[in-house]
Amino acid sequence: MDILFSTELQSLYENRVTNLDKQQLIPEDIIAIVDELSSRDMVNKTVIGHSFSGQALNCLTLGFGPKTVVMWTQMHGDESTATAAVLDVIHLLSAELVTSINADWQSLLTIHIIPMLNPDGAQVGTRENAQGIDINRDAMALQTPEGRALDTLVTKTQPHFAFNLHDQHDYYRCGTDGKSSTLAFLAPAFNSKKTIDPARQKAMALIAELQLQAKPFLPDNIARYDDEYSARSFGDKIAERGISTILIESGHYPNDPNRQVARSMNVFTLLHALDMLCDEASWTDDKTIKELEERYWQIPENREYQLCDLLIKNLGFANNSFTTDIAVRKYDRFEKSFFVADIGDLHEHYGLETIEASGYLYDPGRSYLLSEEICLTNESYISLLKSGFSHFVGDPLLIDNHSDYTVIENPKYWHDDLKMMKGVIPAGFLCKHGERKFAFIMGELVAL
Ligand SMILES: [Zn+2]
């Protein structure tokens with residue numbers, strides 16, 4: 001957690017809920033925590049519905065003030081960062097550990113939080129619910145019980161502010177300089193003309209102020225999400241009702257696979273947002289809100305798909321008759337297998353790791369034919385790589401892998417024509433002066 005250098009942020013992080021430092025949260029991870037939190041004086045639990053397979057959809061309510069706020073997380077089952085964050089927020093508020101919020105917040109705000117709107121999807125790690133439907137494309141059709149529960153809560157409570165909390169994939173970048181987008185905000189459009197009504201302007205102003213406050217900790221990693229209108233999506237649909245709606249997408253931060261940086265920054269921004277809602281008059285006068293709206297548009301854009309895990313630049317192919325760039329990515333955030341996502345002039349792309357390969361020549365290597373059991377240690381595996389075997393072909397059960405590296409078994413589109421192809425598992429070698437200097441092992445380049 002190298003970003004934490006303020007005492008406030010440090011204290012929020014140290015007092016977070018334990019056992020939630022995971023890539024994927026399932027209902028079992030949070031049930032006991034939700035029960036413990038709802039046993040506290042300040043917190044009330046309501047079951048607002050049941051998932052398609054019958055799991056309770058819990059809503060935790062804090063405060064009894066006139067201004068109403070609704071937050072929901074993990075409507076996409078495989079997006080759990082904000083679930084940990086909202087449980088932290090509930091814990092910190094109800095244990096009176098937050099110093100940065102208006103002391104009267106309970107009499108000013110009523111906050112309804114649904115941690116994990118899609119428990120069925122969370123259980124199996126899918127975006128969709130147990131019907132196979134993306135709940136966030138069900139705002140009009142309302143065919144999912146989870147979508148209906150959210151819709152009913154919004155209708156019943158008529159919130160002034162709604163926080164729609166998601167995760168985005170690792171390859172969004174912030175603006176143009178190749179930094180990961182760790183937090184992306186959006187005040188969604190509610191029609192295709194992208195009209196800015198007073199409620200949307202308020203959401204924009206709130207976001208601009210939150211970005212300012214979070215910027216010292218995340219100077220290069222806060223982006224503004226694309227405001228393409230989508231009538232089927234809840235954020236857009238809720239914004240249409242005149243509710244100030246804020247989307248927050250948690251994203252990648254270097255060396256932080258469990259997204260604890262995004263989690264902490266969610267906690268920080270949500271608490272600051274709640275504090276701002278306690279005293280709206282201080283930032284909604286005509287002049288301030290106009291300035292903040294302008295500032296909102298200056299937040300760097302969230303750009304999709306120009307990042308990759310490993311970018312290899314200027315690698316030579318076919319006896320150095322040409323050079324080109326290779327982008328390697330994971331199939332998805334939770335997978336360990338990688339593929340060649342792009343080949344060609346990738347000078348506008350960025351790698352989470354970048355290798356300058358001028359002077360190196362690509363060699364795809366040979367197949368190792370499995371005929372009997374083979375035990376791999378770091379030493380024996382490296383020695384196979386050194387002798388030119390880049391992957392294994394045959395019965396993978398014959399491999400007893402004790403090495404620290406992944407093994408490439410029966411690659412799907414194997415090729416031996418000295419070029420690489422989009423979609424293949426990256427295997428092979430980088431050679432210089434006729435010697436194999438590095439081996440591709442999935443997303444890694446290993447020095448030989
Ligand atoms: Zn999502």
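The questions and answers below walk through side-chain contacts and a metal site in a predicted model.

Visitor: Which atoms coordinate the zinc ion, and at what distances?
Guide: The donor residues follow the spacing H-x2-E-x86-H along the sequence. H76 and H166 each contribute ND1, and E79 contributes OE atoms. These donors coordinate the zinc ion at 2.0 to 2.6 Å.

Visitor: What is the geometry of the site of the zinc ion, given the angles among its four donor atoms?
Guide: The angles among the four donor atoms run from 55 to 152°. Four donors count as tetrahedral if all angles lie between 85 and 135 degrees, and with angles of 55 to 152° the site of the zinc ion is classed as irregular.

Visitor: Are H76 and H166 buried or exposed?
Guide: H76 lies in the loop between strand 3 (67-73) and helix 3 (81-94), while H166 lies in strand 5 (residues 161-167), 90 residues apart. Since buried means under 20% relative accessible area, H76 at 2% counts as buried. H166, with a relative accessible area of 3%, is likewise buried.

Visitor: How many salt bridges does the structure hold?
Guide: Side chains of opposite charge can pair when their charged atoms come close. One of these pairs is formed by D220 and K179, whose closest N and O atoms are 3.5 Å apart. In total, the number of salt bridges in the structure is 22.

Visitor: How many residues apart in sequence are the parts that D227 and R200 tie together?
Guide: D227 and R200 form a salt bridge in which the closest N and O atoms are 2.9 Å apart. D227 lies in the loop between strand 9 and helix 8 (234-240), whereas R200 lies in helix 7, so the pair ties together parts whose separation in sequence is 27 residues.

Visitor: Is K287 buried or exposed?
Guide: K287 meets E291 in a salt bridge, at 3.2 Å from N to O. The two residues are four apart in helix 10 (residues 286-298), and therefore about one helical turn separates them. E291 is partly exposed at 43% relative accessibility, but K287 has a relative accessible area of 60%, and because this is over 50%, K287 counts as exposed.

Visitor: What kind of aromatic pair do Y362 and F440 form?
Guide: Y362 lies in strand 16 and F440 in strand 22, so the pair ties together parts that are 78 residues apart in sequence. Y362 is buried at 3% relative accessibility, and F440 is buried at 1%. The ring centres are 6.2 Å apart and the planes stand at 70°, so the pair is edge-to-face.

Visitor: Which residue has its charged end over the ring of F389?
Guide: F389 belongs to one aromatic cluster together with Y368, Y381, F392 and Y405. A charged end sits over the ring of F389, 4.2 Å from its centre, and this charged end belongs to R366.

Visitor: How far from the ring centre of F429 does R436 lie?
Guide: R436 is placed over the face of F429. A charge sits over a ring if, among other conditions, the charged atom is within 6 Å of the ring centre, and for R436 the distance to the ring centre of F429 is 5.5 Å.

Note on methods:
Residues are numbered from 1 along each chain as its sequence is written. This is a predicted model: local features need pLDDT of at least 70, side-chain atom pairs count only at pLDDT 80 or more; totals for chains, interfaces and linings use all residues. Side-chain values use heavy atoms; hydrogens and water are left out. A salt bridge is a side-chain nitrogen of Lys or Arg within 4 Å of a carboxyl oxygen of Asp or Glu. Buried means under 20% relative accessible area, exposed over 50%, partly exposed in between (1.4 Å probe, protein chains only). Donors are N, O and S atoms within 2.8 Å of the metal (3.2 Å for Na, K and Ca); water is not among the atoms, so sites may look incomplete. Four donors count as tetrahedral if all angles lie between 85 and 135 degrees; four count as square planar and six as octahedral if opposite donors are over 155 degrees apart and all others between 65 and 115; anything else is irregular. Rings of Phe, Tyr and Trp (its six-membered ring) pair if their centres lie within 6.5 Å; planes under 30 degrees apart count as stacked, over 60 as edge-to-face and the rest as tilted. A charge sits over a ring if NZ of Lys or CZ of Arg is within 6 Å of the ring centre and within 35 degrees of the ring normal.
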